[in-house]
Every structure is written in C-alpha cells, then in structure tokens.
Amino acid sequence: MSVPLLQAEDVLVQFPAPGQAPIRAVDRVSFSVAANETFGVIGESGSGKSTLGRALVCLNRPDAGRILHDGADPFALTGRAFRAHRRNYQIIFQDPNAALNPRMTILDSVCEPLEILGEATAAARRDRARAMMDRVGLSGSYAGRYPHELSGGQKQRVNIARALTVRPKLMVCDEVVAALDVSIQAEVLNLLAELQGEFGLTFVFITHDLGVVSHVSDRIAVMYLGKIVELGPAARVRHAPLHPYTEALLSAEPSALPAAMRTRERIVLHGEIPSPADPPSGCRFRTRCRFAEPRCAVDAPAFREVQPGHFAACHFVDQLTLQGPAS
Ligand SMILES: Nc1ncnc2c1ncn2[C@@H]1O[C@H](COP(=O)(O)OP(=O)(O)OP(=O)(O)O)[C@@H](O)[C@H]1O
Ligand code: SF4
Ligand SMILES: [Mg+2]
C-alpha cells in the first residue's frame with residue numbers, strides 16, 4: 001500500500017495560558033490524507049482548525065504526536081533541508097492581505113517565494129511568475145499593480161499563484177473564500193479544483209461552512225473543541241451523519257424551502273462553544289448535545305470506525321437516529 005502524503009498521528013498542539021492550564025487547541029488528533037485527495041476540515045470558530053492547518057505545514061510544532069509528510073517527520077530535518085522540504089507544503093489564509101506586502105508589486109510578490117528559495121535567475125523567476133499569474137486569471141496588466149489596487153478575489157488569486165510557483169504537493173486552504181462575495185467564492189473554488197487536476201495537488205480545505213467543504217471534499221473531518229468527532233466520505237457525512245454535532249451543523253445550513261414545507265426540525269445549538277482551556281468532562285460536546293446522558297459526563301467516547309471508512313466519537317452512535325441536512 002502506498003504511503004499517504006500526509007499523516008497526523010495523535011497530534012497535540014497547546015498554547016500557554018497565564019494562570020491556568022494550557023489551551024489544548026488540537027487535542028490528540030489522527031488522520032491521513034492520500035495524494036490528490038481533498039480533505040475537508042469543518043467546525044465552529046475556536047475548534048482548532050487553523051492551529052491544525054498550521055501544524056500540517058510545520059508552522060506549529062506538535063507538543064506531542066507527529067506529523068508525517070510522505071511517511072517522514074519533517075521536524076527531523078534542520079536548516080536548509082527543512083526549508084527546502086517546506087516548499088512542498090503551502091498554506092493560504094482567509095485574509096487575502098496576510099501574505100502580501102503592500103509595498104511590493106503583484107509580480108514581485110508572486111516572484112518572492114522563488115527568490116527566497118534562491119531558485120533560477122531573476123528573469124526566469126519573473127517568467128514563471130507571469131505564467132502562473134496568467135494561469136490563475138490575472139493578465140499581465142496586473143503585474144505592476146499594488147495589492148490595494150486589487151479586489152479581494154483578485155488578491156486571493158495572487159496568493160494562489162504565489163503558493164503554486166514553488167510547485168507544492170499539498171496546499172492547506174484556510175477559509176480562503178470566507179472573505180469573498182458568494183459569486184467570487186464559486187470562481188475561486190472552481191479555479192482551485194482545476195489547478196488540483198493540472199498540478200496533481202492535494203488539498204486540506206478548512207472552513208466553517210459545511211456547504212463549501214462538502215462540495216469540494218472527498219472526505220470531511222468535523223472538529224469540536226480540538227477533537228475530531230466525525231470523519232468520513234463527504235457524501236456520507238453530509239447525508240447520513242453519525243455524530244450529533246455534525247447533525248446540528250447540517251441542520252443550521254440555510255434551506256431553500258419555506259419553514260412550513262420543511263420536513264425536518266431545525267436543531268439549535270444552545271450556548272457558546274466551551275473554552276478549550278477548561279473543556280467539559282467526558283464527551284466535550286455533552287453541554288450542547290440533545291442526546292446527552294449521565295454517562296457522557298464521565299466517560300470520553302472512543303473515536304471508532306462505525307462503518308467502513310466512517311468514524312465517530314459518541315457512546316450511542318449505534319442507537320441514535322439522526323437527521324440529515326435541512327430540507
Ligand atoms: N497563538 C495562540 N496563542 C494562544 N491561543 C491560541 C493561539 N492560536 C489559537 N489559540 C486558541 O486555540 C483555540 C483554537 O484556535 P484556532 O484559531 O485554531 O480555531 P479555528 O477553528 O481556526 O477558529 P476560527 O474558525 O475562528 O478561525 C482557540 O481557543 C484560540 O483562542
Ligand atoms: S457521547 Fe453523549 S454527549 Fe457526546 S455526542 Fe454522544 S450522546 Fe452526545
Ligand atoms: Mg481559523
């Protein structure tokens with residue numbers, strides 16, 4: 001069997017919190033992503049998605065567990081070898097301005113990653129950058145412009161071109177369309193899908209929008225308070241969820257039907273997501289779960305394979321009848 005491109009093995013990432021226990025932003029998470037796959041990660045704000053995404057591309061070092069790239073631990077590398085390795089694992093952020101220097105032209109920004117790697121001559125770097133800009137739909141007339149002269153969608157295209165010039169294997173897209181208008185969101189998602197085929201890319205697609213993630217992903221992991229609570233094929237997670245939290249996320253999606261015609265009840269998640277510095281005992285979702293029983297406060301449910309390739313962490317997964325998406 002071939003080695004997965006990416007593996008997370010029991011990964012823990014925590015942050016110090018003055019006067020209290022460290023925040024376990026990602027708490028013992030395991031999964032693997034095959035080459036050319038699109039792996040979606042979904043969850044509410046604060047569930048640990050970005051912290052996980054950053055760890056996957058070595059921007060956060062796990063406090064325990066391991067990240068493996070092509071079966072090897074990137075943190076075992078040092079200096080130049082580590083930097084050379086990291087080019088293969090890129091991340092794009094929600095804020096289109098995050099990686100763009102406002103004082104650099106678009107062409108210089110797209111050239112920059114190659115320049116940092118010391119690759120090719122200046123003229124060859126510019127040629128590659130222009131070709132990549134063309135490919136993401138930015139004609140030559142944008143080359144001399146500055147970021148403030150571009151729309152959010154155009155800036156996100158610049159970020160995609162920047163990440164692609166170094167020919168990565170994996171791209172983590174962290175809420176890359178969240179700041180864009182709905183019509184532009186579709187354009188950027190379509191572009192990413194085209195580029196995946198063309199460049200043989202593997203994607204980890206992070207979003208709080210289940211609609212977005214389920215359309216672009218092969219498999220989806222659902223995160224709650226630093227834990228993966230459900231993981232499975234996108235269609236199964238979307239249409240036949242196993243975990244009450246996924247059920248609630250699906251139910252919160254906007255429905256095309258007027259309320260009186262809907263066949264399913266909307267499940268409202270009451271209360272804020274608890275603090276990861278002090279998570280509930282037992283099952284972390286129990287304070288908001290409509291099925292919670294006394295046992296849920298005592299025992300943490302095991303994350304187990306309930307159906308082939310479809311995992312969930314809930315004591316009563318075999319007994320619950322859950323709703324599918326709002327209809
Ligand atoms: N650098 C940091 N220092 C301290 N705490 C942090 C840091 N980064 C993240 N956290 C905390 O870790 C938890 C997870 O944060 P993270 O940004 O990964 O969540 P998220 O799922 O990406 O949320 P969002 O949807 O809002 O982007 C939060 O409680 C956050 O406050
Ligand atoms: S273990 Fe209990 S609280 Fe947790 S999801 Fe299942 S029923 Fe809800
Ligand atoms: Mg985030």
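1. Strand S3 (residues 38-42) pairs with strand S8 (residues 219-224) in the parallel sense, over four bridges. Here Val-41 stands opposite Ala-221. Two strands count as paired if DSSP finds at least two bridges between them. Helices (H or I, at least four residues) and strands (E, at least two) are DSSP runs, numbered from the N terminus.

2. A word on the basis of this note. The model is predicted: local features need pLDDT of at least 70, side-chain atom pairs count only at pLDDT 80 or more, and totals for chains, interfaces and linings use all residues. Residues are numbered from 1 along each chain as its sequence is written, chains are lettered from A and ligands numbered from 1 in the order in which they are written, and side-chain values use heavy atoms, with hydrogens and water left out.

3. S3 has another partner. With strand S7 (residues 202-207) it pairs in the parallel sense over five bridges. The bridge partner of Phe-39 in S7 is Val-204.

4. Is S3 buried or exposed? Five of its five residues are buried, so S3 is largely enclosed by the rest of the structure. Buried means under 20% relative accessible area, exposed means over 50%, and partly exposed lies in between (1.4 Å probe, protein chains only). In a regular strand the side chains alternate between the two faces of the sheet. Thr-38, Gly-40 and Ile-42 point one way from S3, while Phe-39 and Val-41 point the other way.

5. Now the ligand site. The residues around ligand 1 include Phe-15, Ala-25, Glu-44, Lys-49, Thr-51 and Pro-276. A residue is counted here if one of its heavy atoms lies within 4 Å of the ligand. Helix H1 gives the most to this shell, with three residues.

6. Which side chains have an N or O atom close to an oxygen atom of ligand 1? Ser-45 has one at 2.5 Å. For Lys-49 the distance is 2.8 Å. A polar side-chain atom of Ser-50 also lies 2.8 Å from a ligand oxygen atom. Taken alone, ligand 1 exposes 630 Å², and the protein buries 61% of that. Such areas come from the Shrake-Rupley method with a 1.4 Å probe; for residues, only the protein chains shown count as cover.

7. Thr-51 deserves a look. It lies in helix H1 (residues 49-56) and is one of the residues around ligand 1. Thr-51 counts as buried because its relative accessibility is 13%. Neighbours within four places in sequence aside, Thr-51 is in contact (heavy atoms within 4.5 Å) with Val-13, Phe-15, Ala-25, Val-26 and Asn-60.

8. How many salt bridges does a search of the whole structure find? It finds 16. A salt bridge is a side-chain nitrogen of Lys or Arg within 4 Å of a carboxyl oxygen of Asp or Glu. Arg-24, Asp-27 and Arg-284 are linked in a network of them.

9. Glu-247 forms a salt bridge with Arg-290, the closest N and O atoms being 2.8 Å apart. This pair links distant parts of the chain, 43 residues apart: Glu-247 is in helix H9 (residues 244-251), Arg-290 in the loop between H9 and helix H10 (294-298). Glu-247 is buried, at 1%, whereas Arg-290 is partly exposed, at 45%.

10. Arg-135 and Glu-194 form another salt bridge, with closest N and O atoms 2.9 Å apart. Arg-135 sits in helix H4 (residues 122-135) and Glu-194 in helix H6 (residues 182-199), 59 residues apart. Both are partly exposed: Arg-135 at 25%, Glu-194 at 43%.

Terms used
A polar contact is a pair of N or O atoms within 3.5 Å; within protein, one must be able to donate a hydrogen and the other to accept it, and residues adjacent in sequence count only if both atoms are side-chain atoms.
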